[in-house]
Amino acid sequence: MKVDFLLPRFMTNKRVPCESRNALCMSLQRIRDPLHNLIEFADVELERVLWRVIQTRPFQRLRRVRQLGFSDLVYPGASHSRFAHSLGVFHTARRLMDVVRSRQQGGSPTRENIALAAALVHDVGHGPFSHAFETVGKRLGLPMADHEHVSDMLIRSGEIAEILNDMGSGTAVDVADIVKKEGRKTVHNAVVSSQFDADRLDYMRRDRMMTGTQHGAIDFNWLVANLEVADVPTGVDDTQTGTVATFVIGPKAVHAAEVYVLGLFQLYPTVYFHKATRGAEKLFAELLVRVVTLVRTGHVAKTGLDARHPLIKFAENPDNLDVFLSLDDGVIWGSLSMMADAEDALLREFSVRLRDRQLYKCVDIRGRATHEFDPESKGAPEHLAKIDTCCARINARLTELLKDDRNEIPKILLDEAKRSPYNDAVGSKGPTERINVRTEGGALVDLKQRSRVVASLPDFTLFRAYHDRCDTESMHLINRTIDEEVAACR
Amino acid sequence: MSLSDTKKVAAIISDAGGKIVGRTKLQKVAYLLRVTGVEDEFSFSYKHYGPYSEDLANAARMGSLLGDLREIESPASWGGTYSTYIADQPTEATEGRKALAALAASADAVELELAATAVFLAREGYEHAWVETARRKPEKSDNGRIDRAKDLLRSLSKIPVPRPLPSIV
């Protein structure tokens, strides 16, 4: 597939010769995108400014951060970047903003511009292999591994902020606030964060296209054509705090919304939480934790990496934004062959495993528990409760056992994750955390009340263990623990 | 996630009087215990709903499955749902910890979120933590809630704990 990202195309009717980065004079810029075809930047203030944002070092770095991390180990086509995704989110946000404008009298151009800028830069703080990198950050207390934190820093100050503030002082702070879901909320926030935000509307379609998977398709145009704006209540725990304007769908798009939810429900097990992808992430996380630990304890030489390598610099200066910006997927892939000669056994083994795709073998513990307690997949609440409890007990037992593991290389790696077909709510669960349908009578109801298919969808939950496929001792330990806890839960 | 984490969540609930209403409130109670030095588990980071610990959320969920605590989900009048956490195991907590947990758990959820956020921001070095809190959460800060959140923090600050809360009220 030819993706012509590199060359901005000037219009053929050469108006005024000028530098492409000149804020005062810019011809139309066009980028060829595999999903949206042409993404254009017009000669208007906002788009001139955003074109300059795209040229900055932090944004260009996104070319070297893959959207789906290790997914290309499973889907070879899935090598698309966060750079392409970010442009696609901006493009989609413009479509959504048309919906906002059509539903609002007068409009709010400043607020619209802030939301569109936020759509473009929302992912600028992602580290290499984003989610695995964040896992390492949580384990080691590295604030720079939190992409929300880094995005916030990069948008609020530095070269992106300077360019954004050309639209008016304080613009960068307003953009950062909308990305971080802070400040006063207007319907424009829904373009950046909602059940129908531009991020999800781009990544679902882009990831589907680039992986080559044939499920997870959505009726994008019909969905957008049927988006409406309504005020929905917000709250904290049992207390209502007010209302917020957000996207809801009209009654004619119930089936399109159903497919939208189903699409995400299918992409999680097949793409985002694929066992091989997650297995690679587990190895990467262990590898990175070891590098940082060795550096912190003064053993740089054992890593196999030069002292000037960006990973070493990051381990030494985990709070340095400039050092963070030197990290990307390419840096990691390039380091693997060096770490293959490391003195440290874990780095030696796991770098070779990642480089040559010699991943640990996966044991689907939840799958086994499901087979034991719900062999006909009826999904009854009492069956699910047993499966959940059994998995929790197995998890707790294996975690305790692994605490005592004194092996230099971890023999068993555990993986647990859960995802709702709706956007996840980690705080209070309310109307903004579900898809609201406007009924013919004008009431707002949860899509689950209009769709039996959506109502019956459980959360996608995984609990897996990984081990060296030749390590029969670990395999037996996992199997024995499963068998014993299944028996205990009967 | 270890077994001890689930028991620590249960202990927090027990020390708060046996019941904490709301996921947000559980998070903020645990956060205040952590920063005052009467809880050593769970690390918190800042999210748009204030200080939050993913480990705590996971431990609460697992604790419910393992029987260390009970989580009851109920519909809220505003159209959402909220969780009530119940645990009643004897603990050997200090009086300070119990008093802090109980007072925080009995507070209004929004005011507690505001107070915990101001504490977090003050500890992060914000000179005007309340101003920043109100800027970040304008809707929640309306209707005198910031003033009541300050009153709450004033009351919490009077409880003797190993590490005092920041002097921002």
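**Sheet in chain A.** I looked up an open sheet of 3 strands in chain A, ordered β5-β9-β6 with antiparallel pairing. I took two strands as paired if DSSP finds at least two bridges between them. Strands are DSSP runs of E, at least two residues, and helices are runs of H or I, at least four residues, numbered from the N terminus. The edge strands are β5 (361-364) and β6 (412-419) of chain A, each pairing on one side only. From one strand to the next the twist averages 25 degrees. Axes are lines fitted to C-alpha atoms, for helices over the stretch in contact, and angles run from 0 to 180 degrees between N-to-C directions.

**Source.** This is a predicted model, where local features need pLDDT of at least 70 and side-chain atom pairs count only at pLDDT 80 or more, while totals for chains, interfaces and linings use all residues. Residues are numbered from 1 along each chain as its sequence is written, and chains are lettered from A and ligands numbered from 1 in the order in which they are written.

Lys361(A) has His467(A) as its bridge partner in β9(A). Helix α18 (residues 365-373) of chain A packs on the sheet, where α18 touches β5 and β9 of chain A, and its direction makes about 120 degrees with that of β9(A). Helix α19 (residues 381-403) of chain A also packs on the sheet, touching β6 and β9 of chain A, at about 145 degrees to the direction of β6(A).

**Chain B.** I counted 8 helices and 5 strands in chain B. Their pattern along the sequence is α-β-α-β-β-α-β-β-α-α-α-α-α. Of the 169 residues in chain B, 53% are buried (20 or more other C-beta atoms within 10 Å of the residue's own, C-beta atoms being placed from the backbone). The C-alpha atoms of chain B fill a box of roughly 40 × 40 × 25 Å along the principal axes.

**Where B meets A.** I found 33 residues of chain B in contact with 31 residues of chain A; contact is C-beta atoms, placed from the backbone, within 7 Å. Among the elements of chain B that each supply at least two residues to this side are α2 (23-35), α3 (54-66) and β5 (81-86). The largest share, 4 residues, comes from α3(B).

Terms used:
A residue is buried if 20 or more other C-beta atoms lie within 10 Å of its own, exposed if 12 or fewer, and partly exposed in between; C-beta atoms are placed from the backbone. Two residues are in contact if their C-beta atoms, placed from the backbone, lie within 7 Å.
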